[in-house]
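The exercises below are meant to be worked through with the sequence and the structure side by side. Try each task before reading the solution that follows it.

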Amino acid sequence: MKKIITLLMLILSTLSFSAKKLYVGTNAEFKPYEYLENNKLKGFDIELMEELGKNMGYEIKWVNMSFDGLLPALQMKKIDAVIAGMSATEERKKAVSFSIPYIFFSNGGHDVIVNSNSKFKKKEDLKGKTIGVQLGTIQEQFAKNNGSIPKLYNSFTEAMLDLKNNKIDAVIIADVSGQEYLKTMKGIKKIDNIADNSPKAAIAFRKSDEKLAKEFSTAILKMKDSKKYAELIKKYFPEHYNDFIANNK
């Protein structure tokens with residue numbers, strides 16, 4: 001019996017070491033995509049990547065860092081992939097390869113949020129005004145397109161705190177993340193929304209790892225039709241769940 005147990009332990013040990021390690025960078029400042037809860041990484045992107053890793057035989061090793069440092073870290077081979085609610089824009093495609101988008105419901109746009117005591121009523125009122133955005137995000141371009149002056153922050157939390165303290169005029173943030181701040185932070189309000197015609201979030205890889213990007217794209221397509229993917233939508237984007245189910249039949 002002892003020999004059998006020893007053999008089983010050896011087999012399990014071999015299996016645990018056989019999984020390929022994939023170092024994945026993220027920025028845990030973007031709820032519900034990725035965030036910290038009791039010092040643990042949580043969110044849609046985190047669970048999605050873990051499930052993809054399991055399906056593909058990878059052990060995911062997480063690296064949490066600033067958003068603007070993710071692609072440089074990828075290019076310098078400090079990490080192997082990036083998942084952080086990152087849109088696969090044409091500008092970013094010049095530097096890295098992307099998987100297909102892993103979001104399969106319509107983009108909701110970006111919220112324009114101001115201080116509760118603000119007299120601004122719509123985004124056009126903010127021309128020439130200072131808008132807080134996270135460094136390296138597409139919201140910086142939205143602010144410029146609006147005729148506003150973007151102020152760059154390491155995180156949206158820092159921007160929201162400055163907004164609450166009347167140090168900036170507004171913040172532009174993806175609506176699903178904006179809703180989380182509106183639920184938990186007093187002293188701010190939404191006044192407008194900017195339509196999102198940008199590419200949806202995808203996983204970034206080095207240009208030299210284009211084959212890996214294609215393998216993940218195949219795995220994403222398979223997962224899209226799984227029960228697990230539907231569960232993740234319901235858990236993290238409940239407002240989009242019925243839309244996803246209806247369009248996925």
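**Exercise 1. Find the ring over which the charged end of Lys20 sits, and describe the surroundings of that ring.**

Step one: the charged end of Lys20 sits over the ring of Tyr58, at 4.4 Å from its centre, where a charge sits over a ring if NZ of Lys or CZ of Arg is within 6 Å of the ring centre and within 35 degrees of the ring normal. The model is a predicted one, in which local features need pLDDT of at least 70 and side-chain atom pairs count only at pLDDT 80 or more, while totals for chains, interfaces and linings use all residues. Residues are numbered from 1 along each chain as its sequence is written, and side-chain values use heavy atoms, with hydrogens and water left out.

Step two: a further case of a charge over a ring is Lys234, which lies over the face of Tyr241 at 5.2 Å from the ring centre.

**Exercise 2. Describe how many aromatic pairs the whole structure holds, and work through two of them.**

Step one: a search of the whole structure finds eleven aromatic pairs, and rings of Phe, Tyr and Trp (its six-membered ring) pair if their centres lie within 6.5 Å, with planes under 30 degrees apart counted as stacked, over 60 as edge-to-face and the rest as tilted.

Step two: the ring centres of Phe30 and Tyr33 are 4.9 Å apart and the planes lie at 10°, so this pair is stacked. Both Phe30 and Tyr33 are buried, a term for under 20% relative accessible area, with exposed meaning over 50% and partly exposed in between (1.4 Å probe, protein chains only).

Step three: Tyr58 and Phe216 also form a stacked aromatic pair, with 5.9 Å from centre to centre and 25° between the planes. This pair links distant parts of the chain, since Tyr58 belongs to strand E5 (residues 58–64) and Phe216 to helix H8 (residues 210–224), 158 residues apart; helices (H or I, at least four residues) and strands (E, at least two) are DSSP runs, numbered from the N terminus. Tyr58 and Phe216 are both buried.

Step four: ring pairs also link residues into a cluster, which includes Phe30, Tyr33, Phe44, Tyr229 and Tyr236.

**Exercise 3. Determine how helix H2 and helix H9 are placed relative to each other.**

Step one: the axes of H2 (residues 44–56) and H9 (residues 227–236) come within 10 Å and cross at roughly 170°, where axes are lines fitted to C-alpha atoms, for helices over the stretch in contact, and angles run from 0 to 180 degrees between N-to-C directions.

Step two: the two helices H2 and H9 are therefore roughly antiparallel to each other, because angles over 145 degrees count as roughly antiparallel, under 35 as roughly parallel, 65 to 115 as roughly perpendicular and the rest as oblique.

Step three: Phe44, Glu47, Leu48 and Glu51 in H2 meet residues in H9, among them Tyr229, Leu232 and Tyr236, and contact means heavy atoms within 4.5 Å.

**Exercise 4. Is Ser99 buried or exposed, and which residues does Ser99 touch?**

Step one: Ser99 is placed in the loop between strand E7 (96–98) and strand E8 (110–115). Its relative accessible area is 5%, so Ser99 is buried.

Step two: not counting residues up to four places away in sequence, Ser99 touches Ala202, Ile203, Phe205, Ala213, Ser217 and Ile220.
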